[in-house]
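Hello,

Here is the structure we talked about. Please open it first, then read my notes below.

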Amino acid sequence: MTGRVEVYGKAGIPVYLLLDMQEERATVFWAPSAKGYESHCTMPFGEKLAIPAPFDSVLDTTSFGAPKDDGQA
């Protein structure tokens, strides 16, 4: 885990959600620490992803997906 995720964890951001449109997956990071985030969970688009406190909710990624190439440039 490097880059922004590590920086946000070290800064104490309680929950960080990363949507990877190319890989079509969602990752939630929580439990920030001096080393970054202690916990994370990744689910493919189309699945439900539990978002921990302080949000305590479920993100339904059923309608998520990579943008479709419509052939226009």
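**What I found**

The protein has one helix and five strands. Keep in mind that this is a predicted model. Start at the N terminus and follow the chain: the order is α-β-β-β-β-β.

Next, the overall dimensions. The C-alpha trace spans about 45 × 25 × 15 Å along its principal axes. The protein exposes about 5,200 Å². Carbon and sulfur atoms supply 53% of that area.

How much of the protein is buried? Of its 73 residues, 22% are buried.

Now look inside. Which residues make up the largest nonpolar core? There are six: Val 15, Ala 26, Val 28, Phe 45, Leu 49 and Ile 51. Two strands each supply at least two residues of this core: strand 2 (25-33) and strand 4 (48-51).

Leave out residues up to four places away in sequence, and Val 15 still touches Val 28, Phe 29, Trp 30, Tyr 37, Ile 51, Pro 52, Ala 53, Pro 54 and Phe 55. Val 28 and Ile 51 also belong to the core.

What about contacts across the sequence? Take those between residues at least 6 apart. Of these, 29% join residues at least 24 apart.

Last, the charges. The protein has 6 positive and 10 negative side chains. The centres of the two sets lie 7 Å apart.

Best wishes

Definitions and conventions: Residues numbered from 1 in each chain as written. Predicted model: local features only at pLDDT ≥ 70, side-chain atom pairs only at ≥ 80, totals over all residues. Heavy atoms only, no water. Helix = DSSP H or I, 4+ residues; strand = E, 2+ residues; numbered from the N terminus. Buried < 20%, exposed > 50% of the residue type's maximum accessible area, 1.4 Å probe, protein only. Contact = heavy atoms within 4.5 Å. Areas by Shrake-Rupley, 256 points an atom, 1.4 Å probe, with all protein chains shown as cover. Lys, Arg positive; Asp, Glu negative; His and termini not counted. Charge placed at Lys NZ, Arg CZ, Asp CG, Glu CD. Core = buried A, V, L, I, M, F, W, Y, C linked by side-chain atoms within 4.5 Å.
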